Amino acid sequence: MNVLNEVVKESEGFRLRVKSWKCVRPEDYNSVEFIQESLNNGEVVDSQTYNFFMTNNDVKSLCQILNKIPDNV
């Protein structure tokens, strides 16, 4: 299984990761996890995972929406 696992943002006390892979069933879906981690001295002390099942079109739509966020916000 090919898994995408990337850090979106990391600071001294916080890290946001995204993890994604293709679902076995239904075939046209992806499992997308947003993982929010609280850090203390670089160690994870708390985490929350938000999981979504999204088609490729759903993922593309999400990316398009996020790309609309102005730079000066």
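1. Buried here means under 20% relative accessible area, exposed means over 50%, and partly exposed lies in between (1.4 Å probe, protein chains only). With a relative accessible area of 6%, E37 is buried.

2. The model is predicted, so local features need pLDDT of at least 70 and side-chain atom pairs count only at pLDDT 80 or more, while totals for chains, interfaces and linings use all residues. Residues are numbered from 1 along each chain as its sequence is written, and side-chain values use heavy atoms, with hydrogens and water left out.

3. On strands and helices: both are DSSP runs numbered from the N terminus, with helices (H or I) of at least four residues and strands (E) of at least two. Two strands pair if DSSP finds at least two bridges between them. Strands β2 and β3 run antiparallel and are joined by 9 bridges. They form a hairpin with 6 residues between them, and L16 stands opposite Q36 in β3.

4. β3 also pairs with strand β4 (residues 43-55), in the antiparallel sense and over 12 bridges. The hairpin of β3 and β4 has 2 residues between the strands, and N41 in the turn has a positive phi of about 55°. Across this pairing, L39 stands opposite V44 in β4, and Y29 stands opposite T55 in β4.

5. On charged contacts: a salt bridge is a side-chain nitrogen of Lys or Arg within 4 Å of a carboxyl oxygen of Asp or Glu. The structure holds 4 salt bridges. In one of them, R25 and E27 have their closest N and O atoms 3.6 Å apart. Elsewhere, salt bridges that share partners join E10, R15, R17 and E37 into one network.

6. E10 counts as partly exposed because its relative accessibility is 47%, whereas R15 counts as buried at 15%. R15 also forms a salt bridge with E37, the closest N and O atoms being 2.5 Å apart. R15 lies in strand β2 (residues 14-22) and E37 in strand β3 (residues 29-40), so the pair ties together parts that are 22 residues apart in sequence.

7. On open space: the search uses a 1 Å grid over the protein atoms alone; a cavity is a set of points where a 1.4 Å probe fits but cannot get out, and a pocket is an open set with protein on both sides within 12 Å along at least five of seven lines. Lining residues have an atom within 4 Å of a point. Grid points are joined across faces, edges and corners, and a volume is the space filled by probe spheres set on the points. The largest pocket has a volume of about 250 Å³.

8. Residues lining the largest pocket include L4, V18, F34 and C63. At least two lining residues come from each of β1 (4-11), β2, β3 and α1 (56-67), and α1 gives the most, with 4 residues. The lining divides into 9 nonpolar residues, 1 polar and no charged. In this count Ala, Val, Leu, Ile, Met, Phe, Trp, Tyr, Cys and Pro are nonpolar, Asp, Glu, Lys and Arg are charged, and the others, Gly among them, are polar.
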